[in-house]
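Let's take a walk through this protein together, one stop at a time. Keep the sequence and the 3D view open while you read.

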Amino acid sequence: MLNSDFIQFLYDISQNNNRDWFEKNKSRFENTVKKPWENVVDEIIKLVQKFEPDFRGTAKDSVYRIYRDIRFSTDKTPYKDHVAASISKFGRKDMMFPAYYFQLGFGSLAVGGGAYFLEKDALHKVRTAITQDPETFRALISEPSFVKNFGEIKGEKNKVLPPEFKELVKREPLVANKQFYFMAELDPQNALRADFAKFVADMFETGKPVNEFLRSAIR
């Protein structure tokens, strides 16, 4: 569903990130990028529903806008140079629910999921769940297909932890994380594969057990 001009547009906007250029190329964006991307996301959602049956959203709920929010940013370029979508039963608006995410730019393709934004109470619950069952958590993130696709759990860490976690962190360093996400950095040419939607959905499926652990913790 995607073609080489899709990726070329993402390069072109990275080199011409201004409103005049975008307005002149808006129809190209609509036909070459926006519509095909929504079609791909809808197809991926259908495939994800096979192993996440309560995910009922559509591309309209999942795709991020190309327009940047520049109100509080020193970078005033008005557009993103990539497209992205969050596949979740709550769509892109619930940033805390452990779900799936993928992003495509001219030189990058990222596919993954997990918990990227955790409020204080949710973070405490995840750390408590790991403390109570560190063996299960370690088994999930050491599962061969998960390691093959994503490598390891990523995320920023807290230098200072609540007292109840200070002993466990010696045995399970990930307790110090304030994010628990997994992400594969892939060749963007994969986006031109005829089976790209299945390729992404299959990767998501290998991350489901980790997501389920995180969801159970914060539920």
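Which residues lie nearest the centre of the largest pocket? Before we answer, remember that you're looking at a predicted model. Now find Met-95, Tyr-101, Tyr-116, Phe-117 and Met-183: of the 19 residues that line the largest pocket, these lie nearest its centre. The pocket has a volume of about 430 Å³.

Where does that lining come from? S3 gives the largest share, five residues. If you sort the lining by class, you get twelve nonpolar, five polar and two charged residues.

On to the second largest pocket, which holds about 300 Å³ of space. Its lining is made up of 16 residues, and Lys-34, Glu-38, Val-63, Tyr-64 and Arg-65 are the closest to its centre. Here helix H3 (26–48), helix H4 (59–62) and strand S1 (82–87) each supply at least two lining residues, with H3 giving the largest share, six. Sorted by class, this lining has nine nonpolar, one polar and six charged residues.

Is Ser-62 buried or exposed? Ser-62 counts as buried because its relative accessible area is 1%, and the cut-off for buried is under 20%. You can look at what surrounds Ser-62, too: leaving out residues up to four places away in sequence, it touches Val-41, Ile-45, Ala-84, Ala-85, Ser-86, Ile-87 and Arg-92. Its side chain also reaches the backbone oxygen of Thr-58, at 3.0 Å.

Our last stop is helix H1, which covers residues 4–15. From its first C-alpha to its last, this helix of twelve residues reaches 17 Å, close to the 16 Å expected at 1.5 Å a residue. At the N-terminal end of H1 sits a cap, Asn-3, with a side-chain oxygen 3.0 Å from the backbone nitrogen of Asp-5.

Which residues of H1 are buried? They are Phe-6, Ile-7, Phe-9, Leu-10, Asp-12 and Ile-13. Here's a handy rule to keep in mind as you look at those numbers: an α-helix has 3.6 residues a turn, so residues three or four places apart point the same way. And what do the buried residues of H1 pack against? Their partners are helix H2 (19–24), H3, S1 and S2.

Note on methods: Residues are numbered from 1 along each chain as its sequence is written. This is a predicted model: local features need pLDDT of at least 70, side-chain atom pairs count only at pLDDT 80 or more; totals for chains, interfaces and linings use all residues. Side-chain values use heavy atoms; hydrogens and water are left out. On a 1 Å grid over the protein atoms alone, a cavity is a set of points where a 1.4 Å probe fits but cannot get out, and a pocket is an open set with protein on both sides within 12 Å along at least five of seven lines; lining residues have an atom within 4 Å of a point. Grid points are joined across faces, edges and corners, and a volume is the space filled by probe spheres set on the points. Helices (H or I, at least four residues) and strands (E, at least two) are DSSP runs, numbered from the N terminus. Ala, Val, Leu, Ile, Met, Phe, Trp, Tyr, Cys and Pro count as nonpolar, Asp, Glu, Lys and Arg as charged, and the others, Gly among them, as polar. The expected span of a helix is 1.5 Å times one less than its number of residues. Buried means under 20% relative accessible area, exposed over 50%, partly exposed in between (1.4 Å probe, protein chains only). Contact means heavy atoms within 4.5 Å. A polar contact is a pair of N or O atoms within 3.5 Å; within protein, one must be able to donate a hydrogen and the other to accept it, and residues adjacent in sequence count only if both atoms are side-chain atoms.
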